[in-house]
Amino acid sequence: MKTLELSKKFRKEMQDALKSERFDHTLGVAYTAANMAAIFDADNQKALIAGYLHDCAKNLDHEEQIKICKKNGVEITDVERRNPSLIHAKAGMCLARTKYGIEDEEILNAIRWHTTGHPGMTTLEKIVFIADFIEPNRKPLEHMDIIRKEAFRDLDSCMLLILRDTLNYLKNIDKECDSMTQDTYEYYLRKAEQK
(Lines give C-alpha, C1' and ligand atoms only; values in the text may rest on other atoms or scores of the structure.)
Protein backbone atom coordinates (compact mmCIF):
# COMPACT_ATOMS: atom_id res chain seq x y z
CA MET A 1 0.00 0.00 0.00
CA LYS A 2 1.33 3.46 -0.90
CA THR A 3 2.07 5.93 1.89
CA LEU A 4 -0.76 8.26 0.82
CA GLU A 5 -3.27 5.39 1.03
CA LEU A 6 -1.75 4.36 4.37
CA SER A 7 -2.14 7.82 5.84
CA LYS A 8 -5.84 7.89 4.85
CA LYS A 9 -6.30 4.41 6.34
CA PHE A 10 -4.67 5.41 9.64
CA ARG A 11 -6.71 8.61 9.83
CA LYS A 12 -9.89 6.51 9.67
CA GLU A 13 -8.58 3.90 12.13
CA MET A 14 -7.60 6.57 14.67
CA GLN A 15 -10.99 8.23 14.30
CA ASP A 16 -12.57 4.91 15.27
CA ALA A 17 -10.06 4.06 18.02
CA LEU A 18 -9.64 7.36 19.87
CA LYS A 19 -11.96 9.55 21.89
CA SER A 20 -13.04 12.62 19.92
CA GLU A 21 -10.83 15.07 21.84
CA ARG A 22 -7.79 12.81 21.40
CA PHE A 23 -8.63 12.40 17.71
CA ASP A 24 -8.77 16.20 17.27
CA HIS A 25 -5.32 16.39 18.86
CA THR A 26 -4.10 13.59 16.59
CA LEU A 27 -5.29 15.42 13.48
CA GLY A 28 -3.58 18.57 14.70
CA VAL A 29 -0.30 16.71 15.24
CA ALA A 30 -0.47 14.92 11.88
CA TYR A 31 -1.18 18.08 9.86
CA THR A 32 1.33 20.19 11.80
CA ALA A 33 4.00 17.50 11.34
CA ALA A 34 3.30 17.26 7.60
CA ASN A 35 3.62 21.04 7.21
CA MET A 36 6.85 21.10 9.21
CA ALA A 37 8.20 18.23 7.11
CA ALA A 38 7.69 20.32 3.96
CA ILE A 39 9.71 23.16 5.48
CA PHE A 40 12.54 21.00 6.83
CA ASP A 41 12.86 18.70 3.81
CA ALA A 42 11.55 15.57 5.54
CA ASP A 43 9.11 13.02 4.14
CA ASN A 44 5.68 14.58 4.72
CA GLN A 45 3.82 11.25 4.33
CA LYS A 46 6.00 9.67 7.04
CA ALA A 47 5.34 12.73 9.21
CA LEU A 48 1.61 12.40 8.59
CA ILE A 49 1.59 8.67 9.44
CA ALA A 50 3.71 9.17 12.58
CA GLY A 51 1.38 12.01 13.58
CA TYR A 52 -1.72 9.85 13.12
CA LEU A 53 -0.26 6.96 15.12
CA HIS A 54 1.73 8.80 17.80
CA ASP A 55 -1.03 8.42 20.43
CA CYS A 56 -2.50 5.12 19.21
CA ALA A 57 -1.96 3.57 22.68
CA LYS A 58 -3.08 6.61 24.67
CA ASN A 59 -6.64 5.37 25.35
CA LEU A 60 -5.42 2.05 26.75
CA ASP A 61 -5.10 1.74 30.52
CA HIS A 62 -1.65 1.80 32.09
CA GLU A 63 -1.50 -1.94 32.78
CA GLU A 64 -2.43 -2.74 29.17
CA GLN A 65 0.34 -0.41 27.93
CA ILE A 66 2.85 -2.15 30.21
CA LYS A 67 1.66 -5.55 28.95
CA ILE A 68 2.14 -4.49 25.31
CA CYS A 69 5.67 -3.28 26.02
CA LYS A 70 6.61 -6.48 27.88
CA LYS A 71 5.16 -8.66 25.11
CA ASN A 72 7.30 -6.81 22.58
CA GLY A 73 10.48 -6.87 24.67
CA VAL A 74 10.52 -3.11 25.27
CA GLU A 75 12.14 -2.07 28.55
CA ILE A 76 10.05 -0.04 30.98
CA THR A 77 11.71 2.27 33.51
CA ASP A 78 10.57 2.72 37.10
CA VAL A 79 9.56 6.30 36.26
CA GLU A 80 7.34 5.00 33.44
CA ARG A 81 5.74 2.46 35.78
CA ARG A 82 4.84 5.28 38.17
CA ASN A 83 3.70 7.76 35.48
CA PRO A 84 1.05 6.49 33.05
CA SER A 85 1.44 9.50 30.73
CA LEU A 86 4.98 8.46 29.78
CA ILE A 87 4.63 4.85 28.66
CA HIS A 88 2.08 5.38 25.87
CA ALA A 89 4.86 6.37 23.44
CA LYS A 90 6.62 3.02 23.79
CA ALA A 91 3.34 1.10 23.71
CA GLY A 92 2.30 3.15 20.67
CA MET A 93 5.50 2.19 18.86
CA CYS A 94 4.73 -1.48 19.58
CA LEU A 95 1.13 -1.16 18.34
CA ALA A 96 2.23 0.74 15.25
CA ARG A 97 4.44 -2.22 14.37
CA THR A 98 2.21 -5.13 15.40
CA LYS A 99 -1.35 -3.85 14.92
CA TYR A 100 -0.93 -1.25 12.18
CA GLY A 101 1.88 -2.95 10.22
CA ILE A 102 4.45 -0.13 10.29
CA GLU A 103 7.90 -1.44 9.47
CA ASP A 104 9.59 1.89 8.78
CA GLU A 105 12.02 2.44 11.68
CA GLU A 106 12.00 6.20 11.17
CA ILE A 107 8.23 6.35 11.76
CA LEU A 108 8.42 3.91 14.68
CA ASN A 109 11.17 5.94 16.35
CA ALA A 110 9.25 9.19 15.87
CA ILE A 111 6.35 7.60 17.74
CA ARG A 112 8.68 6.10 20.38
CA TRP A 113 10.37 9.41 21.24
CA HIS A 114 7.52 11.91 20.94
CA THR A 115 7.11 12.27 24.71
CA THR A 116 10.62 12.45 26.20
CA GLY A 117 12.82 13.04 23.17
CA HIS A 118 16.40 11.78 23.25
CA PRO A 119 19.83 13.23 22.50
CA GLY A 120 20.63 13.37 18.77
CA MET A 121 17.10 13.07 17.41
CA THR A 122 16.43 12.72 13.68
CA THR A 123 14.57 15.44 11.81
CA LEU A 124 11.37 13.37 11.76
CA GLU A 125 11.62 12.61 15.49
CA LYS A 126 12.00 16.32 16.27
CA ILE A 127 9.11 17.22 13.98
CA VAL A 128 6.68 14.81 15.67
CA PHE A 129 7.88 15.79 19.15
CA ILE A 130 7.38 19.49 18.37
CA ALA A 131 4.10 19.00 16.48
CA ASP A 132 2.71 17.15 19.52
CA PHE A 133 3.48 20.22 21.63
CA ILE A 134 2.39 23.02 19.28
CA GLU A 135 -0.58 21.65 17.34
CA PRO A 136 -3.48 24.13 17.17
CA ASN A 137 -5.74 22.27 19.63
CA ARG A 138 -3.21 22.49 22.46
CA LYS A 139 -4.10 24.86 25.24
CA PRO A 140 -1.84 27.90 24.96
CA LEU A 141 1.01 27.70 27.45
CA GLU A 142 3.16 30.58 28.63
CA HIS A 143 5.66 30.71 25.74
CA MET A 144 3.53 29.02 23.06
CA ASP A 145 3.63 31.95 20.58
CA ILE A 146 7.44 32.01 20.62
CA ILE A 147 7.68 28.22 20.45
CA ARG A 148 5.26 28.00 17.50
CA LYS A 149 7.25 30.57 15.53
CA GLU A 150 10.53 28.82 16.34
CA ALA A 151 9.05 25.47 15.24
CA PHE A 152 9.03 26.69 11.64
CA ARG A 153 12.44 28.38 11.85
CA ASP A 154 14.89 26.18 13.83
CA LEU A 155 14.07 22.67 15.11
CA ASP A 156 16.94 22.45 17.61
CA SER A 157 16.17 25.85 19.12
CA CYS A 158 12.49 24.88 19.36
CA MET A 159 13.38 21.59 21.06
CA LEU A 160 15.36 23.51 23.66
CA LEU A 161 12.46 25.90 24.36
CA ILE A 162 9.94 23.06 24.72
CA LEU A 163 12.21 20.97 26.93
CA ARG A 164 13.04 23.95 29.16
CA ASP A 165 9.35 24.76 29.61
CA THR A 166 8.49 21.09 30.20
CA LEU A 167 11.14 20.70 32.90
CA ASN A 168 10.07 23.95 34.59
CA TYR A 169 6.42 22.90 34.48
CA LEU A 170 7.14 19.47 35.99
CA LYS A 171 9.24 21.09 38.70
CA ASN A 172 6.52 23.65 39.53
CA ILE A 173 3.83 20.98 39.91
CA ASP A 174 6.26 18.70 41.76
CA LYS A 175 5.86 15.89 39.23
CA GLU A 176 8.53 13.30 38.55
CA CYS A 177 10.54 13.83 35.36
CA ASP A 178 11.84 11.09 33.09
CA SER A 179 15.65 11.28 33.08
CA MET A 180 15.61 11.06 29.28
CA THR A 181 13.83 14.43 29.12
CA GLN A 182 16.58 15.97 31.25
CA ASP A 183 19.30 14.31 29.12
CA THR A 184 17.63 15.58 25.96
CA TYR A 185 17.41 19.11 27.35
CA GLU A 186 21.11 19.08 28.28
CA TYR A 187 22.01 17.79 24.81
CA TYR A 188 20.15 20.62 23.02
CA LEU A 189 21.48 23.18 25.52
CA ARG A 190 25.07 22.11 24.71
CA LYS A 191 24.27 22.31 21.00
CA ALA A 192 22.95 25.84 21.41
CA GLU A 193 26.03 26.89 23.37
CA GLN A 194 28.29 25.57 20.58
CA LYS A 195 26.63 27.76 17.91
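Q: How many of the 10 residues of H3 are buried?
A: This is a predicted model, in which local features need pLDDT of at least 70 and side-chain atom pairs count only at pLDDT 80 or more, while totals for chains, interfaces and linings use all residues. Residues are numbered from 1 along each chain as its sequence is written, and side-chain values use heavy atoms, leaving out hydrogens and water. Buried means under 20% relative accessible area, exposed over 50%, and partly exposed in between (1.4 Å probe, protein chains only). H3 is mostly covered, and its buried residues number nine.

Q: Which residue has a side-chain oxygen that reaches the backbone nitrogen of Gln45?
A: Helices are DSSP runs (H or I, at least four residues), numbered from the N terminus. Gln45 is one of the buried residues of H3. At the start of H3, the oxygen comes within 2.9 Å of that nitrogen, and the side chain belongs to Asp43.

Q: Which residues does Phe10 touch, not counting those up to four places away in sequence?
A: Phe10 is among the residues with the most contacts inside the largest nonpolar core. Such a core is a set of buried Ala, Val, Leu, Ile, Met, Phe, Trp, Tyr and Cys residues joined through side-chain atoms within 4.5 Å. Contact means heavy atoms within 4.5 Å. By that rule, Phe10 touches Ile49, Tyr52, Leu53, Tyr100 and Ile102.

Q: How many residues does the largest nonpolar core have?
A: Among those with the most contacts inside it are Met14, Met36 and Ile130. Leu53 is another of these, and Leu53 is also a buried residue of H3. The core's residue count is 59.

Q: How many residues apart in sequence are Arg22 and Asp55?
A: Arg22 forms a salt bridge with Asp55, with the closest N and O atoms 2.8 Å apart. Arg22 lies in helix H2 and Asp55 in the loop between helix H3 and helix H4, so the pair ties together parts whose separation in residues is 33. A salt bridge is a side-chain nitrogen of Lys or Arg within 4 Å of a carboxyl oxygen of Asp or Glu.

Q: Which helix holds Lys191, the partner of Asp156?
A: The side chains of Asp156 and Lys191 meet in a salt bridge (2.7 Å, N to O). The pair links distant parts of the chain, 35 residues apart. Asp156 is in helix H10, and Lys191 is in helix H11.

Q: How many salt bridges does a search of the whole structure find?
A: Another pair is Asp132 with Arg138 (3.4 Å, N to O). Asp132 is buried at 10%, while Arg138 is partly exposed at 33%. The whole-structure total is 14.

Q: Which helix gives the largest share of the lining of the largest cavity?
A: On a 1 Å grid over the protein atoms alone, a cavity is a set of points where a 1.4 Å probe fits but cannot get out, and lining residues have an atom within 4 Å of a point. The lining includes Glu80, Leu86 and Arg112. The largest share, three residues, comes from helix H6.

Q: Is Asp41 buried or exposed?
A: Asp41 sits in the loop between H2 and H3. Its phi is near 60°, a positive value in a residue other than glycine. At 74% relative accessibility, Asp41 counts as exposed.

Definitions and conventions. Helices (H or I, at least four residues) and strands (E, at least two) are DSSP runs, numbered from the N terminus. A polar contact is a pair of N or O atoms within 3.5 Å; within protein, one must be able to donate a hydrogen and the other to accept it, and residues adjacent in sequence count only if both atoms are side-chain atoms. On a 1 Å grid over the protein atoms alone, a cavity is a set of points where a 1.4 Å probe fits but cannot get out, and a pocket is an open set with protein on both sides within 12 Å along at least five of seven lines; lining residues have an atom within 4 Å of a point.
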